[in-house]
Amino acid sequence: MRSLLTMLGVIIGVGAVIGAVSLTSGATKQVEDQVSSLGENVITVFSGNFTSGGMRGGWGSAPTLTLADAKAIMSLPNVAAVSPEVRDREQILANGQNWNTQVLGESPDYPQILDRSIASGAMFTDQDVRTLAKSAIIGKTVVDQLFPDINPLGQIIRIRNLPFQVVGVLTPKGFNLFGQDQDDVVIVPYSSHMHRITTRTFLNDILVEASSDKTILLAQNEITDLLSDRHRSKDPDFTVRNQADLMERVSSASRTMGFLLAGVAAVSLVVGGIGIMNIMLVSVTERTREIGIRMAVGARAADILVQFLIEAVTLSAIGGAIGIAGGVGFSQAVASLKNMPTVTPVGWIIVAVASSALIGIVSGFYPAWKASKLDPIEALRYE
Amino acid sequence: MNAVIKLDEIHKVYHTGEVDVHAVRGISLAIIPGEFVAIMGSSGSGKSTLMNLIGALDRPTGGHYWLDGIDVSTLSRDALADVRNAKIGFVFQGFNLLPRTSARENVEMPMLYHRHRIPPREQHARAMTALEMVGLSQRADHHPNQLSGGQQQRVAIARALVNRPTLLLADEPTGNLDTQTSIEIMGVFQKLNDQGITIIMVTHELDVARFTKRMVVLRDGKIVTDEPVPNRSLAGLELQRLYAAQQAVKLD
């Protein structure tokens with residue numbers, strides 16, 4: 001019973017840390033998943049800003065990126081896929097309904113780049129791009145709004161009164177990090193978008209997939225060099241961003257959280273260690289006679305020291321183990337109640353075990369040393 | 001024959017407070033293997049101090065002490081611990097068993113501190129042999145609080161024997177026991193002595209001392225008499241006499 005109370009400090013300390021770490025790393029993991037669900041190894045090239053009479057537009061406002069740019073990027077060595085992107089909001093009519101949504105002009109590589117898949121039907125092809133086909137891929141939200149009761153495949157939707165045939169439906173992906181509904185979208189071949197819907201000659205941006213996560217920076221630099229060369233402009237009239245930037249920001253936030261937790265952990269473990277030292281001092285006093293007996297039958301000072309150290313370490317290690325179990329249990333319980341993801345990092349478990357053992361050694365050392373310095377005659381006489 | 005114990009002009013002075021206490025003032029003594037010696041004296045006679053010195057729990061401030069040929073008076077703390085472990089078996093007045101630990105585990109305890117590791121199987125066997133010698137092998141798994149005083153003292157004797165010491169050192173071993181149990185314990189000592197084990201016993205009771213073979217009486221830190229015990233008591237006879245006396249007053 002007393003041992004349990006002694007361990008409580010370490011149990012609570014370790015448990016709190018493991019629980020909190022599990023929940024935060026669960027949340028971090030969720031964010032990271034979302035970031036990587038935007039597509040891995042994706043580089044986005046935005047066109048430059050547009051300045052007119054002192055008024056400066058945002059990125060993408062200036063017509064600087066062309067299809068030729070996109071094709072040039074395609075030929076770079078570390079680039080796996082390219083989709084020239086044209087964006088527009090349109091009122092869509094179909095099935096006696098109408099709905100305002102974003103209409104994207106893309107290449108057939110779009111699902112691959114952004115890590116999306118087609119739930120039913122098929123993506124339009126390069127052939128469709130060449131022939132300015134009136135084919136459309138629609139998202140789940142659009143399906144729900146326009147075709148609540150019927151299979152949308154093969155149906156006709158009207159964009160600016162032009163009939164497009166639905167050839168595929170995207171697998172739902174939900175909201176992205178910025179709260180945008182990724183399923184409220186209609187995707188058509190970029191050529192059809194540029195010639196039939198908007199009659200635009202410039203791209204909003206270019207989506208690029210690097211060949212691997214190792215070549216992403218290389219590809220980014222190559223794209224920058226290529227476009228600078230092609231545009232021959234003093235100030236770059238475009239920007240190149242990648243997902244790694246976003247990932248970096250997210251993980252730095254979670255690192256800060258980690259340091260905070262480590263601080264809390266250190267405090268609670270120190271408190272736990274003081275508890276163990278206290279009880280070990282009491283134990284040494286209570287067992288003075290036992291120490292005397294052991295010394296009389298030939299225990300060396302080191303034997304006594306090791307015995308009490310082992311007891312202290314055992315106490316704190318058991319406390320640590322219970323704490324880990326409690327922390328994992330707590331985070332699982334919270335996770336299932338609040339429907340949050342939880343991940344218990346193995347590294348933190350190792351840290352918890354190591355630090356609780358270390359605390360046993362540190363806080364047990366003084367009492368053990370005191371015990372080992374007892375005079376056997378005095379200890380035997382102790383009542 | 002080589003002496004098990006040879007004390008040569010042993011002195012012990014305690015520096016406590018302002019006055020130095022001269023507890024042992026020049027004791028010389030030799031004890032040969034197979035002896036059964038009682039060290040007697042009233043309190044303050046220095047017998048406890050002498051006992052601690054003989055038991056290698058303490059070092060003399062003057063003189064030399066050879067235990068089994070080793071000059072113990074100059075050894076370090078750890079070396080003293082090793083000497084106690086290998087050469088001396090202690091039996092205390094208060095039994096000094098570890099609670100919450102079975103009799104057998106108590107007996108095995110000194111073997112944990114042996115300089116040469118003893119395999120657990122052998123520890124077990126030796127503990128059982130030692131318990132058999134004191135007639136307690138059936139109670140090996142009992143805890144001290146399940147045993148009577150006499151039985152606890154037998155466990156303590158078994159613990160003292162388990163490392164096969166050259167000397168058994170008993171400090172008032174019957175001080176906490178009634179007459180009958182005291183005689184039984186003395187019987188155990190006599191039996192062990194008959195098997196050749198050297199025993200030194202500190203006591204202040206003459207009745208108990210009469211079970212030994214040699215009586216050394218101390219006063220003021222010096223030996224006043226050192227002579228063989230005449231008409232030595234034998235445990236078996238004394239027990240019969242006690243029963244007879246109990247019968248006479250119809251105690252049972």
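Strands are DSSP runs of E with at least two residues, helices are runs of H or I with at least four, and both are numbered from the N terminus. Keep in mind that this is a predicted model, where local features need pLDDT of at least 70 and side-chain atom pairs count only at pLDDT 80 or more, while totals for chains, interfaces and linings use all residues. Residues are numbered from 1 along each chain as its sequence is written, and chains are lettered from A and ligands numbered from 1 in the order in which they are written.

So who sits beside S10(A)? Strand S5 of chain A, residues 97–106, runs parallel to S10(A), and five bridges join them. Two strands pair if DSSP finds at least two bridges between them. On this pairing, look for A:Glu106, which stands opposite A:Pro189 in S10(A). Strand S7 of chain A, residues 135–138, is joined to S10(A) by two bridges, and here the strands run antiparallel. There you'll find A:Ile138 opposite A:Val186 of S10(A).

Now move over to where chain A touches chain B. The contact takes 13 residues from chain A and 15 residues from chain B, with residues in contact if their C-beta atoms, placed from the backbone, lie within 7 Å. On the chain A side, helices H9 (288–296), H10 (301–338) and H12 (376–381) each give two or more residues. H9(A) gives the most, with five residues. By class, this side has eight nonpolar residues, one polar and four charged. Nonpolar covers Ala, Val, Leu, Ile, Met, Phe, Trp, Tyr, Cys and Pro; charged covers Asp, Glu, Lys and Arg; the others, Gly among them, are polar.

Seven of its nine residues are buried, so H9(A) is largely enclosed by the rest of the structure. Among the buried ones are A:Ile291, A:Arg294 and A:Met295. Their cover includes H10, H11 (346–372) and H12 of chain A, together with helix H2 (77–87) and strand S6 (88–91) of chain B. After H9(A) comes A:Gly298, whose phi is positive, near 115°.

Finally, chain B itself has eight helices and ten strands. Of its 252 residues, 43% count as buried.

Conventions
Contact = placed C-beta atoms within 7 Å. Buried ≥ 20, exposed ≤ 12 C-beta atoms within 10 Å, placed from the backbone.
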